[in-house]
Amino acid sequence: MKRLLVILVFAVSSAICVTGFARTSKEVDKEISALNKQVEKLKKEQRDLKKKPTVKYTETHSHAGNVLKKMGSNVEINRRFECGYSRGVYHESLWSREHGWRDSVCNKCKTKYYEWKDYKGQIDESKKRLDRIDEINGEIDELKDQISELRQERKELLREEKAAKSEASLRRT
């Protein structure tokens, strides 16, 4: 009788350990699913960031134009705005006591100058966007590593659950 009680207590405690405290393959599947959703969300954010134009300064001054659009969304601009009609003349903001900062631009170049100035303002935003894309790549790599570890754990849990089921079916017969 005492021996039967010990066996019963051992069986109940092992069943509690297997079902109550140990992780199951279904729980691991839920975690994998949640991580995959995070990866997809990050990839969507990355695609949205890549759609916006990347603006940077040209390495050498280009006399062909102040705004050079290359390969779709990449835009390069000169550091200084050169007049399109008088080569060697640069338009820039000048300080005067009466008017403060004013743009010194000839009437022919105004439209192109303000386009160039807009792109110049976008350079910091473009740098931030590129930094965020790099951060996202790092986060995605970390999540993929976690997913691969969880998949390995799920394989082991499925193997253990299968062994436990086969052992239980052998005990029944």
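Asparagine 78 sits in the loop that runs between β3 (74-77) and β4 (81-82). In this predicted model, the residue has a relative accessible area of 0%, so asparagine 78 counts as buried. What does its side chain pair up with? The side chain of asparagine 78 makes a polar contact, at 3.3 Å, with the side chain of threonine 58. Threonine 58 is also one of the residues that asparagine 78 touches once those up to four places away in sequence are set aside.

Next come the charged pairs. Side chains of opposite charge can pair when their charged atoms come close.

Take arginine 132 to begin with. Its salt bridge with glutamate 45 has the closest N and O atoms 3.0 Å apart. This pair ties together distant parts of the chain, with arginine 132 in helix α3 (residues 110-172) and glutamate 45 in helix α2 (residues 25-51), 87 residues apart. Neither end is fully tucked away: arginine 132 is partly exposed because its relative accessibility is 22%, where buried would mean under 20%. Glutamate 45, at a relative accessible area of 29%, is partly exposed as well.

Arginine 132 has another partner in glutamate 135, and here the closest N and O atoms lie 3.3 Å apart. Both residues belong to helix α3 and are 3 residues apart, so about one helical turn separates them. Glutamate 135 is partly exposed too, with a relative accessible area of 46%.

Are the two partners buried or exposed? Glutamate 125 is partly exposed, with a relative accessible area of 43%, whereas arginine 129 is buried at 8%.

Put together, arginine 132 bridges to glutamate 45 across two helices and to glutamate 135 within helix α3, while asparagine 78 is a buried loop residue with a side-chain polar contact to threonine 58.

Notes
Residues numbered from 1 in each chain as written. Predicted model: local features only at pLDDT ≥ 70, side-chain atom pairs only at ≥ 80, totals over all residues. Heavy atoms only, no water. Salt bridge = Lys/Arg side-chain N within 4 Å of Asp/Glu carboxyl O. Helix = DSSP H or I, 4+ residues; strand = E, 2+ residues; numbered from the N terminus. Buried < 20%, exposed > 50% of the residue type's maximum accessible area, 1.4 Å probe, protein only. Polar contact = N/O pair within 3.5 Å; in protein donor to acceptor, adjacent residues only side chain to side chain. Contact = heavy atoms within 4.5 Å.
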